[in-house]
Amino acid sequence: RKTPVARQEDGGYIVSTYREITALLHDPHVSSNTDNLHDPGPSVAIRGDSPAFIGLDPPEHDRLRRMAMRYFGPPHTPTLVDDMRPDLRAIVTNLIDNLVSKDEIDIVDDFAYPFPVTVICHLLGVPREDEPRFHGWVEAIVGLLDFNPATDPEERMREGVRAREDLRAYLAELLESRRGRPPGNDLLSRLANDDGPDGRMTDEEIVSTANLLLIAGHETTVNLITNGALTLLRHPDVLERLRRDPGMIVRTVEELLRYEPPVQLVLWRAAYSDLTVADTVIPKGSRITLVLASGNRDPAYFRDPDRFDPDRRDNQHLGFGGGVHLCFGAPLARLETQIALNELFRNLEGPRLVADPPPYRQSAVLRGPRHLLVRQE
Ligand code: HEM
């Protein structure tokens, strides 16, 4: 409330109030391309030499996003997401069938992880049985954002960079195998054969896009489902209402995205020019961090912000970011989480948390429990 914009010791700026975050998310003088930073820091290790569109600005960003979006989400139909509705339900039912007889379950390992991973593999055209191979790579890449003091940052960086290269090589091989075959229904195959109004993506661009979607489709929804299960178990009154009125899940998921957003920060935005934000001048080339999670609890924007209240009206949360980089997977993530939480709590018998709080992943960016143990009556 008192410091909407704070200067960090290393010269970066942290913005934490709703109005200022929203303005910067929509400001064309704020770049997502870390080449525009005076000091790119570890961002270069994470994005590599051929950044995906999350790390690019318009017009380059728009062309690549539009090409991928053509097959992925509204308003274009038929889309992969719409086509998948029955499959999502079938995947969840299958996972739950294996859970209901267990006395103790781990919501993360037994449910919240396998569900979105199966979905994103199917959408991209990545064989699900290869999951043990790329699981480790994705963990190491996301690990670049960890603050775990027990691990050596340089070693983490080496592992992350190696994993990034291994994952790209794996996806490039997969892309090659799609060439010369009749186009399948998956995104990789459609992009490899796309001759739409924007022309073709280069192989580099397809690999970067697939890489981005695989990582984004992996770690974020897992956390939303797990944060959702935890929050509902902590609010039995809401859970009871939800069980009686499953349609309430739509606004419950929106409130979860405000109250416990899986992506807490937008890192490494760069000021294209000197910017004045809430009386502070942010010099050109400075690194800007937008704390979405803090904006979501800003009392100047949300009444009683620390209360979990699915009945909140006009919930314009920042859980999916905003502006040109507004989350591309939002329609999928919403649908997955709505189905997952409704089906989970429709089937569990008297679920109780084994440990509260549960152990959390040690990441500065992604918030969610590592494990969430639940006992049934
Ligand atoms: C962008 C959150 C699920 C793909 C973003 C951004 C946020 C976000 C905050 C903005 C980043 C920025 O401005 O730099 C989430 C959350 C999810 C989720 C909370 C789950 C609950 C997904 C899924 C996919 C996905 C399932 C893909 C299948 C993307 C992509 C971008 C993005 C490609 C970059 C968009 C662009 O640069 O235009 N997401 N995401 N996300 N997300 Fe998600």
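Because the model is predicted, local features need pLDDT of at least 70 and side-chain atom pairs count only at pLDDT 80 or more, while totals for chains, interfaces and linings use all residues. Residues are numbered from 1 along each chain as its sequence is written.

Helices (H or I, at least four residues) and strands (E, at least two) are DSSP runs, numbered from the N terminus, and two strands pair if DSSP finds at least two bridges between them. With these terms, five strands form an open sheet in the order β1-β2-β8-β5-β3, with mixed pairing. Its edge strands are β1 (5-7) and β3 (30-31), each of which pairs on one side only. Within the sheet, β2 and β8 pair in the parallel sense over three bridges, and the bridge partner of Val15 in β8 is Leu290. Strand β5 (residues 265-271) pairs with strand β8 (residues 287-291) in the antiparallel sense, over four bridges; here Leu265 stands opposite Val291 in β8, and Ala270 stands opposite Arg287 in β8.

Helix α1 (residues 18-25) lies across β1, β2 (13-15), β3, β5 and β8, and runs at about 125° to β8. Contact here requires that C-beta atoms, placed from the backbone, lie within 7 Å; axes are lines fitted to C-alpha atoms, for helices over the stretch in contact, and angles run from 0 to 180 degrees between N-to-C directions.

A second open sheet has three strands in the order β4-β10-β9, with antiparallel pairing. In this sheet β4 (104-106) and β9 (352-353) stand at the edges with a single partner strand each, so one side of each has no neighbour in the sheet. Three bridges join β4 to the antiparallel strand β10 (residues 373-375), and Asp106 stands opposite Leu373 in β10.

How far apart are the end C-alpha atoms of helix α8 (residues 153-178)? They are 37 Å apart, which agrees with the 38 Å that its 26 residues should span at 1.5 Å a residue, the expected span being 1.5 Å times one less than the number of residues. A residue is buried if 20 or more other C-beta atoms lie within 10 Å of its own, exposed if 12 or fewer, and partly exposed in between, with C-beta atoms placed from the backbone. Just after α8, Gly180 takes a positive phi of about 75°.

Around the ligand there are 26 residues, of which Gly217, Thr220, Gly321, Cys327 and Gly329 come nearest; a residue counts as near if its C-beta atom, placed from the backbone, lies within 6 Å. The elements giving two or more residues to this shell are α10 (203-234) and α14 (330-347), and α10 gives the most, with seven residues.

A cis peptide bond with omega about 5° joins Pro58 and Pro59, and Pro59 lies in the loop between α2 (43-47) and α3 (60-69). Another cis peptide bond, also with omega about 5°, joins Asp356 and Pro357, the latter in the loop between β9 and β10. Asp279 has a positive phi of about 70° although it is not a glycine, and Asp279 is exposed, with 7 other C-beta atoms within 10 Å.

Definitions and conventions:
Contact = placed C-beta atoms within 7 Å.
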